[in-house]
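Subject: Handing over the two-chain model

Hello,

I am passing a structure on to you, together with some notes on what was found in it. Please keep it open beside this message while you read.

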Amino acid sequence: MATKKLAFMVKTLPYKTEESRLALTHAIASQTVEIYLEDGEMVEPVVAFFGDGVMNCLKNQKAMNTYGVTSIESHLKNSLLLDLKVLICKEDVERLGLSEDSLIMDAEDIGGETKASIVPFTEIMKEMETSDHLLFF
Amino acid sequence: MGKLTIGCFSSLVGSLSLDFAVKLSEAAIKKGHKVDLWVSGNATMLSKKGQKAFKDYSALEKKVQELLATGNFQTTACEACAEARGYKKDDTMEGFQRHSMDWYLASCFSADRVLHIGGD
């Protein structure tokens with residue numbers, strides 16, 4: 001059984017560009033990639049937010065009210081609902097004066113069981129080292 | 001020989017990232033490799049046929065057609081990103097494919113190397 005791990009590395013601010021949204025929508029696309037693969041082949045996504053990218057994880061985003069578009073929050077919750085591994089860089093959370101309470105750590109309100117993890121950058125580096133391909137957004 | 005997958009998210013006009021991606025594709029093909037080029041976000045502009053080739057702006061339709069003719073190059077636009085920008089199927093350059101994002105991940109799966117070039 002062949003599995004390729006793809007790391008979606010999100011370093012850009014939300015909404016300023018389309019990058020972080022596309023990171024999440026591409027990561028979520030891993031759920032349907034099998035239609036292009038052989039039996040037993042899989043893509044394992046991991047999403048890591050670091051640098052200014054951790055701002056994508058702020059709770060209570062009002063993109064629908066403000067811009068009339070779905071929020072990054074909804075995409076992040078969908079990722080957790082689909083059991084994607086989501087990592088948030090601890091050093092950058094602290095650097096930006098954020099706290100765990102201010103961040104989207106789960107998708108319990110939509111029935112998700114998987115939680116995001118705030119981890120030191122060394123943990124994110126380990127994910128990068130064990131990934132087959134790195135995609136920076 | 002290997003397979004290179006390139007994902008590009010920058011617009012054709014307003015950035016030279018797509019020019020770089022296509023030049024890199026050409027170089028890899030000349031070395032005997034196969035190349036998949038995925039364009040998403042603003043980069044779906046590359047798939048639009050009939051763009052006028054002004055000297056002041058990037059114009060890659062001719063080069064893309066040359067690369068497609070080698071048989072070692074395929075290029076695919078994100079269908080949702082294209083539709084969101086008003087690029088309909090009928091507007092798509094000959095030989096350019098349109099698929100959902102899982103096509104890119106599958107291409108990454110079978111690639112020897114992936115070069116992901118972000119947008120803007």
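How many helices and how many strands does the secondary structure of chain A come to? It comes to five helices and five strands, where helices (H or I, at least four residues) and strands (E, at least two) are DSSP runs, numbered from the N terminus.

Before going further, please note that this is a predicted model, in which local features need pLDDT of at least 70 and side-chain atom pairs count only at pLDDT 80 or more, while totals for chains, interfaces and linings use all residues. Residues are numbered from 1 along each chain as its sequence is written, and chains are lettered from A and ligands numbered from 1 in the order in which they are written.

From the N terminus on, the elements of chain A follow the order β-α-β-α-α-β-α-β-α-β. Chain A has a radius of gyration of 15 Å, close to the 14 Å that the globule rule gives for 137 residues, so it is as compact as a globular protein of that length; the radius is taken over C-alpha atoms, and the rule is 2.2 Å times the number of residues to the power 0.38.

Chain B has four helices and five strands, and along its sequence they follow the pattern β-α-β-α-β-α-β-α-β. Its C-alpha atoms fill a box of roughly 35 × 30 × 25 Å, taken along the principal axes, and 46% of the 120 residues of chain B count as buried.

Strand E2 (residues 34–39) of chain B deserves a careful look. Six of its six residues are buried, so E2(B) is largely enclosed by the rest of the structure. Both faces are covered, with B:Lys34, B:Asp36 and B:Trp38 on one side and B:Val35, B:Leu37 and B:Val39 on the other. Strand E1 (residues 3–8) of chain B runs parallel to E2(B) and is joined to it by six bridges (two strands pair if DSSP finds at least two bridges between them), and B:Ile6 stands opposite B:Leu37. From E1(B) the chain crosses through helix H1 (residues 17–30) of chain B to E2(B), in a β-α-β crossover that is right-handed, meaning that, with the strands pointing away from the viewer, the path from the first strand over the helix to the second runs clockwise. E2(B) also pairs in the parallel sense with strand E3 (residues 73–78) of chain B, over five bridges, and here B:Val35 stands opposite B:Phe73.

The two chains also meet. The contact takes 21 residues from chain A and 18 residues from chain B, two residues being in contact if their C-beta atoms, placed from the backbone, lie within 7 Å. On the side of chain A that touches chain B, H1(A) gives the most, with four residues.

Best wishes

Definitions and conventions
A residue is buried if 20 or more other C-beta atoms lie within 10 Å of its own, exposed if 12 or fewer, and partly exposed in between; C-beta atoms are placed from the backbone.
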